Amino acid sequence: MSTDDVPAHRRIDLDPAEALRLLGSVPLGRIVFTRQALPTVRPVNHVLDGGDIVIRTHEGAALTSQARQSEDTGVVVAYEADAIDPDTHLGWSVVVTGYARLVTDDDEVARIRTMLHPWAAQPGTDHAVRIHPDLVTGVLLTRTGDAPEDGSDGRGSEDSDG
């Protein structure tokens with residue numbers, strides 16, 4: 001095998017705790033939910049609060065409406081955030097799957113407003129949605145031969161997809 005055949009990069013599966021830590025280190029991500037039976041993706045900013053991902057929404061948002069209708073069970077969503085260098089293709093990506101529920105307690109909504117300010121001006125962004133992670137997967141994209149800074153191999157007990 002020549003050196004041209006050796007991949008320059010490798011992926012390391014992250015354990016859920018490290019994946020959530022990385023997700024919490026960036027302000028923006030993408031929420032994926034179903035709208036009219038099709039997947040819909042929206043960029044949003046977020047904050048981690050008590051292990052949950054919290055985003056703010058407005059009254060007319062499809063997710064707000066769906067979460068309100070499914071108040072007891074919540075709406076199944078995926079949330080993705082990453083930090084990948086466009087030139088080197090090194091970095092990380094995290095995907096969380098769980099149930100999104102509309103935050104209905106006025107005091108909690110007020111607290112969330114102090115922690116999370118909308119990144120895009122949208123009138124009426126007075127609602128908050130809390131996503132409880134049920135499945136957390138993450139991958140570190142690194143150079144072949146690089147080890148994670150903590151010396152571990154970065155692998156958790158869960159396998160990540162493709």
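Trainee: What makes the approach of the side chain of asparagine 45 to the backbone oxygen of histidine 117 a polar contact?
Mentor: In this predicted model, the side chain of asparagine 45 reaches the backbone oxygen of histidine 117 at 2.7 Å; a polar contact requires a pair of N or O atoms within 3.5 Å, one able to donate a hydrogen and the other to accept it, so the pair qualifies.

Trainee: Why is asparagine 45 called buried?
Mentor: Its relative accessibility is 10%, and buried means under 20%, so asparagine 45 counts as buried.

Trainee: Where does asparagine 45 lie in the secondary structure, and which residues is it in contact with?
Mentor: Asparagine 45 belongs to strand 3, which covers residues 38-45. Once neighbours within four places in sequence are set aside, its contacts include Pro27, Leu28, Val54, Ile55 and Tyr79, and also Leu116, His117, Pro118 and Trp119.

Trainee: How many helices and strands does the chain have, and in what order do they run?
Mentor: There are 3 helices and 8 strands, and from the N terminus the elements follow the order β-α-β-β-β-β-α-β-β-α-β.

Trainee: Which residues of helix 2 are buried, and what covers them?
Mentor: In helix 2 (residues 62-69), the buried residues are Ala62, Leu63, Thr64, Gln66 and Ala67. Their cover includes strand 2 (28-35), strand 5 (52-57), strand 6 (75-84), strand 7 (91-102) and strand 8 (127-143).

Trainee: What makes a set of residues a nonpolar core, and which members of the largest one touch the most other members?
Mentor: The set must consist of buried residues of the nonpolar kinds, joined through side-chain atoms within 4.5 Å. The largest such core has 26 residues, of which Ile31, Ile55, Val77, Tyr79, Val96 and Ile131 touch the most other members. Two or more residues each come from helix 1 (16-23), strand 2, strand 5, helix 2, strand 6, strand 7 and strand 8, with strand 7 giving the largest share, 5 residues.

Trainee: Which residues is valine 96 in contact with, beyond its neighbours within four places in sequence?
Mentor: Valine 96 is in contact with Leu20, Leu23, Ile53, Val77, Ala78, Tyr79, Pro133, Leu135 and Val136.

Definitions and conventions:
Residues numbered from 1 in each chain as written. Predicted model: local features only at pLDDT ≥ 70, side-chain atom pairs only at ≥ 80, totals over all residues. Heavy atoms only, no water. Helix = DSSP H or I, 4+ residues; strand = E, 2+ residues; numbered from the N terminus. Buried < 20%, exposed > 50% of the residue type's maximum accessible area, 1.4 Å probe, protein only. Contact = heavy atoms within 4.5 Å.
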